[in-house]
Structure formats: C-alpha cells, structure tokens
Amino acid sequence: MKQWIWSFLMVVLPLRHLYLTSSFGYRVHPLTGKNTMHCGIDLRADLDTVYAVINSRVAEVGHESVLGIFIRITNGPFCFTYGHLAMPFVCKGDTVAAAMPLGISGATGRVTGPHLHFAVQFQHRYIDPLAFLLAAVKIISNP
Ligand SMILES: [Zn+2]
C-alpha cells in the first residue's frame with residue numbers, strides 16, 4: 001500500500017543543478033567557528049529558481065536572522081525548508097505541485113555568500129536531504 005501511494009508521487013530536485021557546498025551533520029560553522037549541527041544541506045545557487053520537491057502546501061513564508069527569507073512546505077509527515085531566498089513567489093496556505101517554482105534563491109540571513117539552504121524534516125525530525133532524495137528515487141523506481 002505504502003509503495004503504491006509513493007508511486008503516484010513525483011519527487012523533483014530543489015534546484016535545476018545540484019552542487020553541494022555543505023553537507024548535513026556536525027560542522028565547524030563558517031561564521032561562528034563553533035562545532036554546530038547543520039540541519040540541512042547547502043547548494044550552490046545565485047538568483048536561481050527553487051522548486052517544490054513534492055506536491056505540498058505552503059506552511060510558512062517568513063524572514064528571520066539566520067535563515068533569511070524562507071519557505072516551508074509540508075505534505076503528511078514531511079516538511080521542506082528553503083532558506084536564504086531573495087524572493088518568494090508563494091504565500092502561506094498555497095497548494096503547490098512538484099516542480100512548481102517557489103521563489104528565487106539569494107543571500108538573505110546569516111550567510112557568507114549566496115546559496116540555498118535546503119532542509120527536510122520527517123515527523124518533525126531533521127533528516128539528511130540527500131538520503132531523502134535517494135530513498136525517494138529508489139522507492140519510485142521499484143514500486
Ligand atoms: Zn545551510
């Protein structure tokens with residue numbers, strides 16, 4: 001049953017080109033110098049379009065000091081965060097389809113340069129976004 005449901009879902013990449021600049025897990029923060037948990041991945045992007053990875057609903061569009069302008073989209077147990085954006089295209093409550101443009105990446109918040117911070121939560125826990133994408137590809141390929 002689970003596999004069948006999955007097979008109807010489309011999963012797309014958050015950016016047209018993936019170039020990983022910082023991975024998920026503990027790291028020495030480039031600005032604070034402290035060993036801190038990085039709860040997502042950083043992808044090279046400079047005013048590039050960011051896309052909804054799955055069919056979802058916009059849970060939040062906001063601005064805060066670390067993440068800058070960010071968008072959160074959710075579907076079931078999954079929540080995806082896109083941070084350091086230059087411009088969001090969507091509003092809280094919008095329904096978005098996989099591959100729909102959500103906004104333009106940028107360098108807002110606490111950054112050393114423009115990039116996309118992309119995070120995935122499963123049942124409110126941060127998981128490695130690369131592991132999520134890999135698992136999705138495997139499940140969709142073998143329903
Ligand atoms: Zn990051």
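Student: What makes a stretch of this protein a helix or a strand?
Tutor: A DSSP run does: at least four residues of H or I for a helix, at least two of E for a strand. In this predicted model, the protein comes to two helices and twelve strands. Along the sequence the pattern reads α-β-β-β-β-β-β-β-β-β-β-β-β-α.

Student: Why does the radius of gyration agree with a compact globule?
Tutor: Because a compact globule of 143 residues would have a value near 15 Å, and the protein has 15 Å. The C-alpha trace spans about 45 × 30 × 25 Å along the principal axes.

Student: What makes β6 and β9 a strand pair?
Tutor: The rule asks for at least two bridges. β6 and β9 (residues 95-96) have two, in the antiparallel sense, so they meet the cut-off. R57 stands opposite T95 in β9.

Student: And how many bridges join β6 to β7?
Tutor: Seven, and those strands run antiparallel. They form a hairpin with three residues between them. Over in β7, R72 is the bridge partner of E60.

Student: Which residues touch the most other members of the largest nonpolar core?
Tutor: I71 and Y82, in a core of 26 residues. Strands that each supply at least two of its residues include β4 (41-44), β7 (68-75) and β8 (78-88).

Student: What does Y82 touch, leaving out residues up to four places away in sequence?
Tutor: P14, V50, F70, I71, L102, L116 and F118. A touch here means C-beta atoms within 7 Å.

Student: What share of the 143 residues is buried?
Tutor: Buried residues make up 28%. Each has 20 or more other C-beta atoms within 10 Å of its own.

Technical notes:
Residues are numbered from 1 along each chain as its sequence is written. This is a predicted model: local features need pLDDT of at least 70, side-chain atom pairs count only at pLDDT 80 or more; totals for chains, interfaces and linings use all residues. The radius of gyration is taken over C-alpha atoms; the globule rule is 2.2 Å times the number of residues to the power 0.38. A residue is buried if 20 or more other C-beta atoms lie within 10 Å of its own, exposed if 12 or fewer, and partly exposed in between; C-beta atoms are placed from the backbone. A nonpolar core is a set of buried Ala, Val, Leu, Ile, Met, Phe, Trp, Tyr and Cys residues joined through C-beta atoms within 7 Å. Two residues are in contact if their C-beta atoms, placed from the backbone, lie within 7 Å.
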